[in-house]
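Student: I'd like to learn how to read helix packing. Could we go through it together with a model on screen?

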Amino acid sequence: MTVRRSIRYLSKGRVIEVADFAPTATLLDHLRLERRLVGTKEGCAEGDCGACTVALGRLVDGRLVYEPINACIRLLGTVDGCEVVTIEDLAEGGVLHPLQQAMVRRHASQCGFCTPGIVMSLFTLYATPGRHDRDAVIDRLSGNLCRCTGYRPIVDAALEACDARPDQRPDDLFAAHAAATAVALAGLTDAAAVFVGDETRFFAAPHRLDTLADILEACPDATLVAGATDVGLWITKAGRDLPRIVHLGRIAGLDRIEETAEGLSIGATVSLAAAAERLAAWDPDLAHLFRRIGSVQVRASGTLGGNIANGSPIGDSPPALIALDASLELWGGGTLRQIPLERFFLAYGRQDRRPGEIVTRVVVPRLEAHHAFRAYKIAKRHDQDISSVMAALRLTLDGDRITEARLAFGGMAGTPMRAAGAEAALVGASLRSAGGWRPALDALRGDFTPLTDMRASADYRMEAAVGLLGRALAEIAGTPSHKTRVFGLREEVGHDAHA
């Protein structure tokens, strides 16, 4: 096995090699403190405000793709093999990037603290082929806060630069150098295991599962990370010292999505953004749900496997996946096992994961013609907020009669859970008879004993869950969606398909 004692990334066409860094070092601190690239700012230090946004360039199926990420919670070691683009890189020969020029013309900056992150988010949109309308711009800005300028001139500047026809959008230096960049990134790809540090403190990024097994056998207390959108906060906000970190992002095969006869097999290190692209094609509610998991920056870094493996009771993806009857593949000790996702969550902070075992894949059965699916997220903010209540359900129908019900909720207990009583009450009920739903709504009140916390009271959670179940049943029964959905959001995700 080849071991590399450094990480390597591309910056302005040259390879940057870093051989000495703390396992918990963030990309933001490296850029500001080591390389003195201080245009990238630190605001919240938790991936919410977007002031620290930079772009990562990667080869995806041979194509160069730029995605925005939060440098404040992205661990330095995880950018191995990528191109890192900061605000300092956009101008060429004293000439501003077209996006920067549009920001100036539209007076889209006042104090300027948030502006570098805003520009970098929009740069990744500019670098994405095709025309981009107002909805695309607003989505791209969902992870960037601006308290001075106001968003209208920022959106106007983005539309001026990004909504032009591709043949009218001037190539920037990144498009002009794309072929050379792709060659350089391909040259950084190898099958070596990265190990920086010593046995007491290290950052490791194995390339194979058997190498990972050796590391975990020697260091069972090592912290596993993929996108670090959760673990990053343990470091920046909780102040935890994590002396041994193992990054899963280089393990071959874990980043693949495979089509199967039953549905999709999604590798554990597939990003939320990539998983969303495939799952969203199944149902508009899945599209809307994944659109509201964090921001574009969070979805570009965070992984589906990580969203599950950290076992949060308010994680957004597990209830939807449980409703879809997803299963989990776990690997450890050279053996694979597969369990229903709902059985993975044992209690708050506890999962059915044996020592040395990791989540490797999520297997999701596709929705069939006889299925009806709904998913709802209730949060205090529409964009980038943690759920107060997350609800998802899949009904199996024989005409208008319910033959099976899978109802899953997040935020209602210490783990994501199914509502067994309400499910049983729905079996045999007719969608034509609203009175037949009442037993299920009543049963739901006995399925959970929610807690009160900063996000919602127990009473609110219970009433919201009952209301969401009733709403889902009404929609599936044929109630026009404009009566159950906020106008505009319905159109955004194409909910007329449900009407």
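Predicted model: local features only at pLDDT ≥ 70, side-chain atom pairs only at ≥ 80, totals over all residues.

Student: At what angle do α3 and helix α5 pack, and how far apart are their axes?

Tutor: Two packed helices are described by the angle between their axes and the distance between the axes. Here, α3 and α5 (residues 151–162) pack at about 30°, and their axes are 10 Å apart. Angles under 35 degrees count as roughly parallel, so α3 is roughly parallel to α5. The crossing of α3 and α5 is right-handed.

Student: Which residues of α3 meet which residues of α5?

Tutor: From α3, look at Ile118, Leu122, Leu125 and Tyr126. They meet Ile154, Ala158, Ala161 and Cys162 of α5. The residues of this contact divide into eight nonpolar, no polar and no charged.

Student: Now for the other pair. What are the angle and the axis distance for helix α2 and helix α3?

Tutor: Helix α2 covers residues 98–105 and helix α3 covers residues 115–126. The two pack at an angle of about 130°, with axes 9 Å apart. That makes α2 oblique to α3. The crossing of α2 and α3 is right-handed.

Student: Which residues do α2 and α3 bring to their contact?

Tutor: α2 brings Pro98, Leu99, Gln100 and Met103. On the α3 side you will find Thr115, Ile118, Val119, Leu122, Phe123 and Tyr126. The residues of the contact of α2 with α3 divide into eight nonpolar, two polar and no charged.

Notes: Residues numbered from 1 in each chain as written. Heavy atoms only, no water. Axes fitted to C-alpha atoms, helices over the stretch in contact; angles between N-to-C directions. Helix = DSSP H or I, 4+ residues; strand = E, 2+ residues; numbered from the N terminus. Parallel < 35°, antiparallel > 145°, perpendicular 65-115°, else oblique. Left-handed = near helix turned anticlockwise from the far one by under 90°. Contact = heavy atoms within 4.5 Å. Nonpolar A, V, L, I, M, F, W, Y, C, P; charged D, E, K, R; others polar.
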